[in-house]
Amino acid sequence: MSDSVSKASDTEPRYSSEHAPDAQTREALDKEVVDICRDLIRIDTTNRGSFPDGANERPAADMVMELLQEVGLEPTLYEAAPGRASVVVRIEGREPGLPALVVHGHLDVVPAQAEDWSVDPFAAEIKDGMIWGRGAVDMKNMNAMILTAVRDMARRGIKPRRDLIVAFFADEEAGGEYGALWLVKNHPEVFEGATEAISEVGGYSTTINGERVYLVQTAEKGRAWGALTAHGRAGHGSAVTNENPIVHLASAIARIAGDEWPREYNEATAALLEGIAHITGTEFDPENPQPQLDALGPTVKFIANTLQTTSNPTVLKAGYKDNVIPQEAVARLDVRTLPGQHEATLERIAELAGEYVTYSVDHHRPSVSAPIEAPIFDAMREALNRHDPGCHVLPYMLGAGTDNNALADLGINGYGFAPLLLPAELDFTGMFHGIDERVPIDSIIFGRAVLSEFLLDY
């Protein structure tokens with residue numbers, strides 16, 4: 001890839017905005033983004049994945065409605081089911097001929113077992129210069145950045161360059177059936193005129209060979225959530241039997257785990273590894289990407305899983321008493337597929353499940369990707385370089401999924417761009433769904449400034 005894609009030259013004009021706030025306004029915005037982030041974390045929007053009552057996003061949605069209405073905006077609240085609430089507001093741009101941009105976050109979070117944490121996961125404590133709590137990273141930090149940015153525009157009476165469709169979705173952590181997917185299916189008019197979107201899990205920094213590199217997500221793997229179900233014959237635990245469903249299920253899991261999915265490089269992954277090779281002075285060999293993976297440090301956990309399809313058992317259910325052989329055993333399977341491999345992967349897993357085990361999928365979405373060589377990518381790179389001069393910006397593919405996947409059904413290209421300048425020693429990617437989730441205050445202040453300028457001038 002050309003160096004111009006990864007790093008702005010010293011002579012290139014810096015990204016700028018004629019609407020930049022003065023020092024007093026910036027100070028107020030710095031406080032506001034922290035306060036909103038903490039207030040959102042304190043609202044427990046845990047999504048346990050059962051439909052439709054796996055979560056209650058309504059209290060957070062009500063807070064978002066109030067924050068938007070307070071500055072004169074006119075948001076709409078959508079409830080796919082009681083409590084499963086999303087909020088959308090459209091902000092008119094100053095150049096109406098341009099396609100609209102969707103800017104979205106999700107209000108729900110994954111569960112947190114309080115006894116595993118060193119702090120209350122819903123207290124939004126400030127410690128060591130960081131905000132601690134479930135959602136601090138995924139993704140109430142960006143929700144706060146978005147809200148602070150659009151509230152600032154509304155208060156100062158300035159318009160973004162293009163229409164912004166600002167959305168806060170329910171149910172992302174369980175696939176979006178009561179959030180983004182529901183809105184796309186039932187209210188596609190909400191996204192009229194939009195061609196691109198930005199959201200979470202991209203734009204954060206990592207340190208490679210002593211240089212700061214921001215990873216912008218331009219693609220994400222497909223997903224399939226389903227069950228392996230083994231049937232057998234119930235009986236006494238002392239019996240000699242070849243009809244124990246637990247044994248059949250264990251064998252199926254072992255076969256699936258032992259099957260080696262082929263390594264492939266899509267456009268984003270290849271561009272990332274080539275960019276790392278350039279930064280580190282190494283050569284990218286598709287047969288051995290280890291030098292580039294090693295250079296990523298802790299961030300490698302978000303990249304290594306994009307080189308191949310993965311299939312991991314995540315839940316096991318079988319039996320109810322020590323001396324009773326059950327009639328059924330079930331394992332939940334989380335499958336993440338590379339572009340072009342989705343259907344073939346599901347067929348392969350069904351084959352590996354074997355004679356005594358059935359494989360069923362209850363939620364699946366194919367992979368999606370957006371162009372790297374695009375004005376929006378250039379604008380993100382330039383916005384980051386204005387606030388962190390000389391940084392590198394590289395694309396990557398996310399091994400998990402976001403609500404950009406749902407918007408792809410409407411032909412909207414989605415990117416991960418929640419800009420954060422992070423300390424080199426912080427294992428940021430380990431915070432996603434992790435224990436003691438936290439985000440540096442300085443990072444979200446930086447991110448708010450970058451995001452505000454990007455939204456105004458792109």
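## Ground rules

Numbering starts from 1 along each chain as its sequence is written. Because the model is predicted, local features need pLDDT of at least 70 and side-chain atom pairs count only at pLDDT 80 or more, while totals for chains, interfaces and linings use all residues, and side-chain values use heavy atoms, with hydrogens and water left out.

## The annotated domain

An unreviewed UniProt entry puts "domain: Peptidase M20 dimerisation" at residues 218–352. UniProt positions follow the numbering used here, feature names are shortened, and annotations may be inferred rather than shown by experiment. Over that stretch, residues 218–352, the chain is 36% helix and 27% strand, with the end C-alpha atoms 32 Å apart. Helices (H or I, at least four residues) and strands (E, at least two) are DSSP runs, numbered from the N terminus.

## α13 and its partners

Start with α4 (residues 140–156) and α13 (residues 441–457): their axes come within 9 Å and cross at roughly 50°. Axes here are lines fitted to C-alpha atoms, for helices over the stretch in contact, and angles run from 0 to 180 degrees between N-to-C directions. On the α4 side, Asn141, Met145, Ile146, Thr148, Ala149 and Met153 meet Ile444, Gly447, Arg448, Leu451, Ser452, Leu455 and Leu456 of α13, where contact means heavy atoms within 4.5 Å. By class, that gives eight nonpolar, four polar and one charged residues (Ala, Val, Leu, Ile, Met, Phe, Trp, Tyr, Cys and Pro are nonpolar; Asp, Glu, Lys and Arg are charged; the others, Gly among them, are polar).

Helix α2 (residues 23–41) also packs on α13, at an angle of about 115° with the axes 9 Å apart. Leu29, Asp30, Val33, Val34 and Cys37 of α2 touch Ile441, Ile444, Ile445 and Arg448 of α13. The class tally for α2 with α13 is seven nonpolar, no polar and two charged residues.

Threonine 45 sits in the loop between α2 and α3 (58–70). Threonine 45 is buried, at 0% relative accessible area (buried is under 20%, exposed over 50%, partly exposed in between, with a 1.4 Å probe and protein chains only). Leaving out residues up to four places away in sequence, threonine 45 touches Ala55, Asn56, Glu57, Ala60, Leu107, Asp108, Val109 and Lys140.

Asparagine 186 belongs to helix α5 (residues 180–186) and counts as partly exposed, at 38% relative accessibility. Its C-alpha atom lies 30 Å from that of alanine 344, 158 residues apart along the chain.
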